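Please have the structure open while I talk.

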Amino acid sequence: ALENANKCENLNSIHVAQGRYKVSTSTPMTARDFNFFVGNSYSILGGYPSGGGPDRNPKLYQTILDGNTAASYEAYHVMVIYNASVTIDGFRFINGFADGSGNFEDDDILINRTHGPGIYAINSTVKIKNCVIINNTGIGDGGGIFATDTSNIIISNSIIANNLTGDEGGGMCLRNLSTATITNTTFFNNRAAVTDNGGAIYNTT
């Protein structure tokens with residue numbers, strides 16, 4: 001669905017039923033570079049019942065994006081967003097594990113394997129609503145969310161918890177003229193391994 005939406009200018013939204021969705025079914029270690037990639041502007045709405053229907057309820061019909069692959073590897077990033085304006089509503093992001101080295105290329109962009117294991121945003125406006133970003137770990141910046149290159153992160157009615165980074169911003173790291181607007185959102189028990197580097201949020205330039 002994401003692959004089609006990234007190519008189609010006339011698609012407004014993707015509706016996702018309850019369940020646990022994994023980033024890849026591939027078996028080689030290169031599968032750790034796989035992610036849910038957003039490269040266009042649309043809404044992604046979770047919390048629908050199995051089989052579809054209009055009764056959307058993210059709390060009742062939990063929709064989980066899981067960095068654990070089918071082959072039991074942990075992807076470096078659960079979701080990567082590039083040059084897009086996207087609304088993400090009603091999801092849980094778990095088990096991103098950005099413990100790699102260097103960069104990998106996805107759709108002609110370079111993505112650091114140490115930053116943003118939960119959500120990695122580049123030059124994008126990202127509206128995060130009714131989401132839980134939990135239990136993501138990186139050795140670089142932004143355990144829950146990493147935003148760079150003038151990204152605008154707008155978070156409401158969400159929970160960002162139990163994320164860990166080895167450097168800056170356990171819950172979220174903003175870099176290179178990126179900004180955030182946060183409303184009715186809880187940051188809890190996030191941690192940056194380096195003292196004074198922002199357990200909850202680290203914001204620079």
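Predicted model: local features only at pLDDT ≥ 70, side-chain atom pairs only at ≥ 80, totals over all residues.

Let me start with a contact of 3.5 Å, a polar one, that joins the side chains of asparagine 40 and glutamate 9; by polar contact I mean a pair of N or O atoms within 3.5 Å, where, within protein, one must be able to donate a hydrogen and the other to accept it, and where residues adjacent in sequence count only if both atoms are side-chain atoms. Residues are numbered from 1 along each chain as its sequence is written, and side-chain values use heavy atoms, with hydrogens and water left out.

Asparagine 40 sits in the loop between S3 and strand S4 (42–48), where helices (H or I, at least four residues) and strands (E, at least two) are DSSP runs numbered from the N terminus. A polar atom of the asparagine 40 side chain also lies 3.3 Å from the backbone oxygen of alanine 5. Asparagine 40 counts as buried because its relative accessible area is 10%, the class being under 20%, with exposed over 50% and partly exposed in between, for a 1.4 Å probe and protein chains only.

Which backbone atoms lie by the side chain of asparagine 163? A polar atom of that side chain lies 3.0 Å from the backbone nitrogen of asparagine 136, and the backbone oxygen of alanine 161 lies 3.1 Å from a polar atom of the side chain of asparagine 163.

Turning to the sheets, S18 belongs to an open sheet of six strands with parallel pairing, in the order S2-S5-S8-S14-S18-S22; two strands pair if DSSP finds at least two bridges between them. Its edge strands, each pairing on one side only, are strand S2 (19–22) and strand S22 (186–188). S2 pairs with strand S5 (residues 63–66) in the parallel sense over four bridges, and tyrosine 21 has leucine 65 in S5 as its bridge partner.

S19, in turn, is part of an open sheet of four strands, ordered S9-S15-S19-S23, again with parallel pairing. Here the edges are strand S9 (97–98) and strand S23 (191–192), each of which pairs on one side only. Between S9 and strand S15 (residues 137–138) there are two bridges in the parallel sense, and alanine 98 stands opposite glycine 138 in S15.

Of its 19 lining residues, Leu2, Glu3, Asn35, Phe36 and Phe37 are the closest to the centre. Helix H1 (2–7), strand S1 (13–17), S2 and strand S3 (36–38) each give two or more residues to this lining. The second largest pocket, of about 290 Å³, is lined by 13 residues, with Lys59, Asn130, Cys131, Val132 and Asn157 nearest its centre.

Key
1 Å grid on protein atoms, 1.4 Å probe; cavity = no way out; pocket = protein on both sides within 12 Å on 5 of 7 lines; lining within 4 Å. Points joined across faces, edges and corners; volume = space filled by probe spheres on them.
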